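The following note concerns the salt bridges of the structure shown below.

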Amino acid sequence: QVQLVVSGGGLVQPGGSLRLSCAASGSIFSINAMAWYRQAPGKQRELVAEVNNTGGAHYVDSVKGRFTIARDNAKNTVYLQMDSLKPEDTAIYYCNADIAPDSRWWQTFVYWGRGTQVTVSS
């Protein structure tokens, strides 16, 4: 009953910017961590950035200083602002969230969005 809808992917030139959004909807009591992953062809899926329920964030070293993760708790949405994009950022980007669907806040489940293509190329 919980759905994560991802938007904002596309084609951008090196040095450009994109902003990804991931909105959770459905039966949601609370959301713990929210995160962005990516998977490039021939590579394992990797954690790009995550943010906890107090706003604390963690980034993979390769994007630190270029990407910013943020969340809007009122909208149940997490964003990934991607600046100074490089060709090596090309991948399918996925969001996920650890969500309690009802007042049993300790009973959480991890939900995944469908994924969106980000291509950085001249």
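1. Asp 89 forms a salt bridge with Arg 66, the closest N and O atoms lying 2.8 Å apart; a salt bridge here is a side-chain nitrogen of Lys or Arg within 4 Å of a carboxyl oxygen of Asp or Glu. Asp 89 sits in the loop between S8 and S9, and Arg 66 in the loop between strand S6 (57–59) and strand S7 (67–72), so the pair ties together parts 23 residues apart in sequence. Strands are DSSP runs (E, at least two residues), numbered from the N terminus.

2. The model is predicted: local features need pLDDT of at least 70 and side-chain atom pairs count only at pLDDT 80 or more, while totals for chains, interfaces and linings use all residues. Residues are numbered from 1 along each chain as its sequence is written, and side-chain values use heavy atoms, with hydrogens and water left out.

3. Both Asp 89 and Arg 66 are buried, meaning under 20% relative accessible area, with exposed over 50% and partly exposed in between (1.4 Å probe, protein chains only).

4. Asp 89 also forms a salt bridge with Arg 38, with the closest N and O atoms 3.0 Å apart. Because Arg 38 belongs to strand S4 (residues 30–39) and Asp 89 to the loop between strand S8 (77–82) and strand S9 (91–100), this pair ties together parts that are 51 residues apart in sequence. Arg 38 is buried, as is Asp 89.

5. A network of salt bridges links Arg 38, Glu 46, Arg 66 and Asp 89. The structure holds five salt bridges.

6. Arg 104 forms a salt bridge with Asp 102, the closest N and O atoms being 2.9 Å apart. Arg 104 is partly exposed, at 44% relative accessible area, and Asp 102 is partly exposed at 28%.

How values were computed: Helices (H or I, at least four residues) and strands (E, at least two) are DSSP runs, numbered from the N terminus.
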